[in-house]
Amino acid sequence: MVNQELAKIFNQMAEILEFLGDPSDRFRIRAYQNVALTIESLPESVEKLVAEDRLRKVKGIGQGIAAKIEEYIENGEIEEYELLKRAVPKGIFELFTVPTLGPKRIKMLHDQLGVGSIAALKKAIADGSLQKLPGLGEKSAQKMLEGLEISNSLTERRSIGTVFLAVKTMIAALEKCEGISRVVPAGSFRRAEETVGDIDLLASGDMNKSKKIMKCFRDLPLVERVLVSGETKTSIVTKDGLQVDLRLVAPDEFGSALQYFTGSKQHNVALRTIAKARGMKLSEYGFFKGEKRVASKTEEECYASLNMQYIPPELRTNTGEIQAAQKHAIPKLIELKDIRGDLHSHSKWSDGANTMEEMALAAEKLGYEYLAMTDHSQNLRVARGLSLERLKEKKKELDALNKKLKKITILFGTEVDILPDGSIDYPDNILKEFDIVVASVHSRFNQDNTERIIKAMQNPYVHIIGHPSGRLIGRRKPYQIDYEKIFKQAANTGTVLEINSQYLRLDLQDFYIREAKRWKCKFSIDSDSHTTASLELMELGVRWARRGWCEKKDVVNALELEKLRKALK
Ligand SMILES: [Zn+2]
Ligand SMILES: [Zn+2]
């Protein structure tokens, strides 16, 4: 990690010097660029080299550079870098991230047109002033626009749901590469954060086959470009612009490396403080007591070396999990294998892409006992909500299907609108015919919806409140509700709160799941699938529920069908 940070700093110092354009800095620029490359491809941490006084023996690291590296390890910063950063306008750093723009060109644009940010660059291209500069034209402008697009797609964080299945597919492909024994995602993906930046994958296996392993990664069909590729680390960009880094570590360091690269930063800082008090030091290469490495193979043994219970990655947020682990009070969290069915999904009867039979067969493949087909209700016309008449036809098809299916039961369900006044979009005599009634808010997101939802929970036929906050990650904020009132009411009426796993939802939010659990609320983890493929988002939902400290006993769709029927009000 330190290697990457330092390489970035030396690269940036070179960029800044080039931008400043003093001809006497020529050699310094070259030296910084070279050292960045050297450090990035070192097989061991510079920290270790410094500690063992071997830094100056590395080819390409002279006296002056070595002093700067030592300064960084000692103080966490390099004075020259801090001074250089102050010598250029802030927006220039944005421009450095555009791959088709070099520092010299940035300087020219800055001096001649006053371009000092990405926004200013876009403007200069749009109004044509850039194209008029000597040596530039429509073609170079086009190239810069392409560069802007790439830098944009690489810097933005995405909702985890939009990359979840793709990353799983990539891991499955990597597991087949010769020499790899295991691959695990690290970072925010492993912690199941709601958004992710670059994806970090950690692999271990036969270190003698590292070249082969890296080639196998570069050759995956979804790879668009290779950014860097060394023996222990390769970075690629996928066809949809996602950066993925694969790091190869020795099997006996896999646990400490995984712990290190999983984070979160807050969790690891807190852990290091505890380690320090015990005379221990933690790094990606192992947990050390003095000189002796006491743990490194597995994460379990790493946490045990600090006298702690293993902490699942989803809990590593430094919000009480470390104290709980010290008291061995972390509960056994829900797992994907505990899930027996899905209580929220859509078919072609409303706005789904597949027939009920296709959905049922896909759910059967996942090993489910039951799947609720909860198509929309009459009010939601944009989603082809079902009239009372079409509801009857659907029931007929569903009964016939259940006779045909051997291993799975299709539950007759509805996702019924909660109307603005809190009433339910089907009358009670219809509602009582359903096995599963999920009631959801699909309108008026700008108002306080507390009373509306509370009224819906009072309806004896409503089993589940769907996506309780209505948020869409990056698109729509949660509407206003008084969570305490909602949780109290849900506990009183025995209404289940949904943990919705759809791409942009992840709703309830993790901290509210934890809060609702304190009120003794029950949950259902649902995929809200509109396609057969997205049934698999259940796994993300389970991981999200774990972030809220959910256990098997809190989740109704971890029950066998007969017990589920009894558990629902
Ligand atoms: Zn919905
Ligand atoms: Zn839905």
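**Figure 1. Asp 53 in the loop between α3 and α4.** In this predicted model, Asp 53 lies in the loop that runs between helices α3 and α4. Its phi is positive, about 60 degrees, although Asp 53 is not a glycine. Most residues other than glycine have a negative phi. With a relative accessible area of 60%, Asp 53 is exposed, since the cut-off for that class is over 50%.

**Figure 2. Helix α4 and its buried side.** Helix α4 takes in residues 63–75, 13 residues in total. From the first C-alpha to the last, α4 reaches 18 Å, close to the 18 Å expected at 1.5 Å a residue. Its buried residues are Ile 65, Ala 66, Lys 68, Ile 69 and Tyr 72. These residues lie on the same side of α4, because they cover an arc of only 160 degrees around the axis. The elements that cover them include α1 (2–20), α2 (26–40), α3 (46–51) and α5 (79–86). On the face turned away from the buried side, α4 carries the exposed residues Gln 63, Glu 74 and Asn 75. Gly 76 follows α4 and has a positive phi, near 80 degrees.

**Figure 3. Gly 179 between α10 and β2.** Gly 179 sits in the loop that links α10 (160–175) to β2 (180–185). The relative accessible area of Gly 179 is 21%, so this residue counts as partly exposed; the limit for a buried residue is under 20%. Not counting residues up to four places away in sequence, Gly 179 touches Ser 204, Gly 205, Asp 206, Lys 209 and Ile 213. Glu 194 is 15 residues from Gly 179 in sequence, and the two C-alpha atoms are 32 Å apart in space.

Figure 4. Gly 263 and Ser 264 are joined by a cis peptide bond, with omega about 0 degrees. Most peptide bonds are trans. Ser 264 belongs to the loop between α13 (254–262) and α14. Helix α14 comprises residues 265–277 and includes Asn 268. Asn 268 is buried, its relative accessible area being 8%. Its side chain makes a polar contact of 3.0 Å with the side chain of Gln 259. Leaving aside neighbours within four places in sequence, Asn 268 is in contact with Gln 259, Tyr 260 and Gly 263.

**Figure 5. Parallel strands β12 and β13.** Strand β12 (residues 370–376) runs parallel to β13, and seven bridges join the two. In this pairing, Ala 372 of the chain stands opposite Leu 411 in β13. Strand β13 covers residues 409–417. Eight of its nine residues are buried, so β13 is largely enclosed by the rest of the structure.

**Figure 6. The cis peptide bond between Asp 507 and Leu 508.** The peptide bond that joins Asp 507 and Leu 508 is cis, and its omega is about 5 degrees. Leu 508 is placed in the loop between β16 (496–500) and α22 (510–518).

Figure 7. Trp 549 has a positive phi, near 65 degrees, in a residue other than glycine. Trp 549 is buried, with a relative accessible area of 12%.

**Figure 8. The whole chain, for orientation.** The chain contains 24 helices and 17 strands. Its C-alpha atoms fill a box of roughly 85 × 65 × 45 Å along the principal axes. Four domains are assigned: domain 1 (2–155), domain 2 (158–249), domain 3 (253–326) and domain 4 (336–567). The centres of domain 1 and domain 4, taken over C-alpha atoms, are 50 Å apart. Of the 569 residues, 52% count as buried. Among contacts between residues at least 6 apart in sequence, 67% join residues at least 24 apart.

Technical notes: Residues numbered from 1 in each chain as written. Chains lettered and ligands numbered in written order. Predicted model: local features only at pLDDT ≥ 70, side-chain atom pairs only at ≥ 80, totals over all residues. Heavy atoms only, no water. Helix = DSSP H or I, 4+ residues; strand = E, 2+ residues; numbered from the N terminus. Buried < 20%, exposed > 50% of the residue type's maximum accessible area, 1.4 Å probe, protein only. Contact = heavy atoms within 4.5 Å. Polar contact = N/O pair within 3.5 Å; in protein donor to acceptor, adjacent residues only side chain to side chain. Expected span 1.5 Å × (residues − 1). Arc of directions from axis to C-beta. Domains from an automatic or database assignment. Pairing = 2+ DSSP bridges.
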